[in-house]
Amino acid sequence: MASYGAYTLKPGMTPWEVVVAYFVIASIIAVIIIKKSSERMTTIDFVYAAIGGAVVAVADHVIGDIIYLPSPIYPIVNPPVWLRIVAFFVTVGLIRKIGSGMFAMGIYDITSDLLHFGFGGEPLWLIEDILTYGLMADITIFLTNRKIFGIGAGKLSALLAIVEGAILGFFFSFVHPFFTYGFFAPLIFGFAPNAQRILFLFITYVPGDIIIGVISALFANRVARVVQY
């Protein structure tokens, strides 16, 4: 056991100071970008985000989970995570308002509990999903002035979709290894995580999440253009 002040960490566990610092900063950023958003979500936007979040949960925990892949193909090829990214990118690409990512991932979490997990460990899972995947998408919406995935960006549309999809895919790769497996799951279920397993998950997630992030961003771009016209 490694001791950090009054808190004793389990072997391989992501330091609690890192986790707390991230979620405090993430919460502050979420409040700032929501307050600074030029266009607030409407009732119909919340409805679309709720539907999208539920679809993300079905894509992940119903469709994705029935696709069995033996080790070592899995998790290098990760159908649940990849389908989650596709459905989530399409959802935020259609709404493109700050808050849509966090709200959709909140609905995703609740729907996932109903479909698959039960509500053990809540609200920690809800906080994690909202302030990781959801917030990352909303930050992208904020920084691109609602032109996420190059939607509405003219000739640079495809290039921006590729770049933003790759960046989001890369940052998504940190969440499960370091937060889910490395901290929240051990805290909730009481097991000692393995540092080598965390590193293995991160290394195997990165290339697939980047590739599927690019594909999903281009797909979301196309779907948004079709819906607009």
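Visitor: Is D45 buried or exposed?
Guide: This is a predicted model, where local features need pLDDT of at least 70, side-chain atom pairs count only at pLDDT 80 or more, and totals for chains, interfaces and linings use all residues. Residues are numbered from 1 along each chain as its sequence is written, and side-chain values use heavy atoms, with hydrogens and water left out. Buried means under 20% relative accessible area, exposed over 50%, and partly exposed in between, with a 1.4 Å probe and protein chains only. D45 has 8% relative accessibility, so D45 counts as buried.

Visitor: Which residue does D45 meet in a salt bridge?
Guide: A salt bridge here is a side-chain nitrogen of Lys or Arg within 4 Å of a carboxyl oxygen of Asp or Glu. For D45, the N to O distance is 2.7 Å, and the partner is K97.

Visitor: How many residues apart in sequence are the parts that E39 and K97 tie together?
Guide: Those two form a salt bridge, with their closest N and O atoms 3.5 Å apart. E39 lies in the loop between α1 (16-36) and α2 (43-63) and K97 in the loop between α4 (79-95) and α5 (100-117), so the parts tied together are 58 residues apart. Helices are DSSP runs (H or I, at least four residues), numbered from the N terminus. So the value for E39 and K97 is 58 residues.

Visitor: What is the relative accessible area of D60?
Guide: D60 meets R84 in a salt bridge, 2.7 Å from N to O. R84 is buried at 13%. D60 is buried too, and its relative accessible area is 2%.

Key
Helix = DSSP H or I, 4+ residues; strand = E, 2+ residues; numbered from the N terminus.
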